[in-house]
Amino acid sequence: CAPKAPVTGTVTAADQVAVKYETAGRGDTALVFVHCWTCNRGEWNKQAEYFFAKYQVVRLDLAGHGGSGRERRDYTIEAFAGDVAAVVNKLDLKRVVLVGSSMGGPVAVEAARNLGDRVVGVVGVDSFYTGFEVPKDPEKAEAMGRGFLKPFEENYPVAAADFMRGFFAPGADPKLVERIASGTAAADKAMALSAMRNVFAWHQRNVPAALEALGPKLRHINANPKGDGKPLHASVVLVAGAGH
């Protein structure tokens with residue numbers, strides 16, 4: 001029979017923030033897609049179109065993003081993971097693969113902790129083993145985060161747009177590049193800075209232990225813009241010519 005048409009809904013997170021989600025398709029396994037920093041569930045449109053004929057495909061807007069609520073004070077990775085878990089619980093999903101892009105990778109890893117055996121796989125998309133490492137020393141990690149965030153604090157729209165443009169490989173669709181860049185520039189500055197600080201903090205506390213705990217459940221799809229890179233871990237698949 002034909003896949004189910006997309007259905008949107010809202011679930012309330014633990015801190016009472018409304019989380020918007022969308023589900024389509026059917027199947028024993030649900031693919032739950034988690035977007036990156038300052039983006040929204042529309043980031044996964046093409047993937048949803050591809051997979052929903054064989055799987056239930058779920059996408060959500062993390063708190064502070066897209067159509068979800070913006071009342072959260074501290075946008076931690078743990079709180080974002082709670083958004084994902086709330087959607088999975090609302091839909092009563094029994095067998096789940098979590099797919100997270102960039103910041104969505106840590107969110108997916110953290111959500112897997114919450115959801116236990118229902119999670120049969122986690123896929124980080126340019127989230128881990130990219131060459132970017134946060135120091136394990138808390139003071140060094142904090143200093144790194146402060147330096148990284150300084151331009152965003154001084155002129156958020158310009159710094160945010162330039163940051164996102166820098167992720168695309170040569171030859172990327174200019175309209176797509178500018179859509180993503182302008183979307184990030186228009187995001188709430190307080191949310192964006194809070195989330196980015198918490199990305200650094202989560203990496204400092206949890207990597208590599210959280211990745212190792214997932215073992216073979218965790219896989220990675222990483223960008224290889226020039227096509228000449230080598231995987232930094234056995235679980236990484238590189239995509240030549242792709243940007244972040």
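Reader: Which residues of α3 are buried?

Author: In this predicted model, the buried residues of α3 are G104, G105, P106, V107, A108, V109, E110, A111, A112 and L115.

Reader: What makes α3 "mostly covered"?

Author: The count. Of its 12 residues, 10 are buried. Buried means under 20% relative accessible area.

Reader: How do you know how the span of α3 compares with the expected one?

Author: Helix α3 has 12 residues. The rule is 1.5 Å times one less than the number of residues. That gives an expected 16 Å, and α3 reaches 16 Å from its first C-alpha to its last. Just after α3, G116 takes a positive phi of about 65°.

Reader: What makes β5 and β6 a pair?

Author: Two strands pair if there are at least two bridges between them. Strands β5 (residues 96–101) and β6 are joined by 6 bridges and run parallel. S101 stands opposite V125 in β6. From β5 the chain crosses through helix α3 (residues 104–115) to β6, in a right-handed β-α-β crossover.

Reader: And how many bridges join β6 to β7?

Author: There are 4, and these strands run parallel. The cut-off is at least two, so they pair. G124 stands opposite H220 in β7.

Reader: Why is T76 called buried?

Author: Its relative accessible area is 15%. The cut-off is under 20%, so T76 counts as buried. T76 lies in the loop between β4 (56–60) and α2 (77–90).

Reader: What does the side chain of T76 reach?

Author: The backbone nitrogen of A79, at 2.9 Å. A polar contact needs N or O atoms within 3.5 Å.

Notes. Residues are numbered from 1 along each chain as its sequence is written. This is a predicted model: local features need pLDDT of at least 70, side-chain atom pairs count only at pLDDT 80 or more; totals for chains, interfaces and linings use all residues. Side-chain values use heavy atoms; hydrogens and water are left out. Buried means under 20% relative accessible area, exposed over 50%, partly exposed in between (1.4 Å probe, protein chains only). A polar contact is a pair of N or O atoms within 3.5 Å; within protein, one must be able to donate a hydrogen and the other to accept it, and residues adjacent in sequence count only if both atoms are side-chain atoms. A crossover is right-handed if, with the strands pointing away from the viewer, the path from the first strand over the helix to the second runs clockwise.
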